[in-house]
Amino acid sequence: MILYSPNASKVVVHSDEEMGVVLERAVFDRLLAEEAAGAGAEVLTRADVDGLLQTDGQVEGACYTRLGRRCKVRAGVVIGADGVESRVGRWAGIHTQLKGVDLESAYQMVLAGIDFDHRYCHIYLGDRIAPGGYLWVFPKGDNVASVGIGVSVKLCDAGTAYRKLEEFIARRFGRPAIVGEMAGGVPVAMPLRDPVRNGLILAGDAARHCNPLTGGGIYTAMVAGHYAGTVAAEAAGKGDTTAKGLHDYILRIEEEILRPHKRAYRLKEGISKLTDEDFNRTAHQVLSLPPEKRTLRNIFLKALTSQPKLMVDIIKAFI
């Protein structure tokens, strides 16, 4: 990837390993649905879930409306994967609302016919560009990219994400063809301490499993979804779908999700204290290093040298 500081200094981040892949989400989501159907799942589209079936505090299924018809489906365990500030969790008595400091407003456009270096993911930092967050250009092809922004809800007014993104696109790309748009909230919070209730498990963004530092959530949603399904099946098989019977879910996601995200949240809090001048100074310091030393770990070390208590978190996050 390439990082850009507020004064447009350009830092190419070095890595000895592959850093990831860019997904075509529409294709990816459809593939998951096809895989689920092939494994025996019944997939319902255009079904709006609007409540839970509960008896004496035990979740026993869900209510939904499809094509104007009210329906019910019963289940040993309901898995709520309905995204940020989960309604499913709220219906079961879980506090899922987020504070402004732990929520980002995001807007993304897919641009075609643009000129950029498609070998890299491009990340732009600074309060002028993206207050409390960052702006990205992720390649989807030689001249196609997802260009998006996430800004802190606490620091911005309604519509800020869209306006800032429009300003950047006009400045960087002129008037390109926009072939797709999407918007939404991104939880950049600590994971929910208790994402289970009797007969219910929350997974992914619904349980705040989105990385608080990067806003990325696809990988962790898949990990959480895997363990949620496994634990739900085991609990149903044993006949114990109480919160106690589902508690093993929390233990199984501890190493891959909960512990790294708690570290990432502390790093996010440290970065939130940095000014544009701090980002510019960090870029200058990193550019003085040999190219092979310009790693994410060293960038964080340079940026947060004034906050020694975060050093252990930085080292653990990047070893």
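Q: How many residues lie between β3 and β4 in their hairpin?
A: This is a predicted model. Strand β3 covers residues 47-55 and strand β4 covers residues 58-66. They pair in the antiparallel sense over eight bridges. Asp-56 sits in the turn with a positive phi of about 50°, and the number of residues between the strands is two.

Q: Which residue of β4 stands opposite Gln-54?
A: Strands can pair in a parallel or an antiparallel way, through backbone hydrogen bonds. β3 and β4 pair in the antiparallel sense. Opposite Gln-54 stands Val-59.

Q: Which strands stand at the edges of the open sheet?
A: The sheet has seven strands, in the order β2-β1-β8-β9-β10-β7-β11, with mixed pairing. An edge strand here has a single partner, so one side of it is left without a neighbour in the sheet. The edge strands are β2 (10-12) and β11 (177-187).

Q: Which residue of β10 stands opposite Phe-138?
A: β9 (residues 134-139) pairs with β10 (residues 144-152). The sense is antiparallel, over six bridges. Facing Phe-138 is Ser-146.

Q: Which helix packs on the sheet?
A: This helix touches β7, β8, β9, β10 and β11. Its direction makes about 35° with that of β7. It spans residues 160-173 and is α3.

Key: Residues are numbered from 1 along each chain as its sequence is written. This is a predicted model: local features need pLDDT of at least 70, side-chain atom pairs count only at pLDDT 80 or more; totals for chains, interfaces and linings use all residues. Side-chain values use heavy atoms; hydrogens and water are left out. Two strands pair if DSSP finds at least two bridges between them. Helices (H or I, at least four residues) and strands (E, at least two) are DSSP runs, numbered from the N terminus. Contact means heavy atoms within 4.5 Å. Axes are lines fitted to C-alpha atoms, for helices over the stretch in contact, and angles run from 0 to 180 degrees between N-to-C directions.
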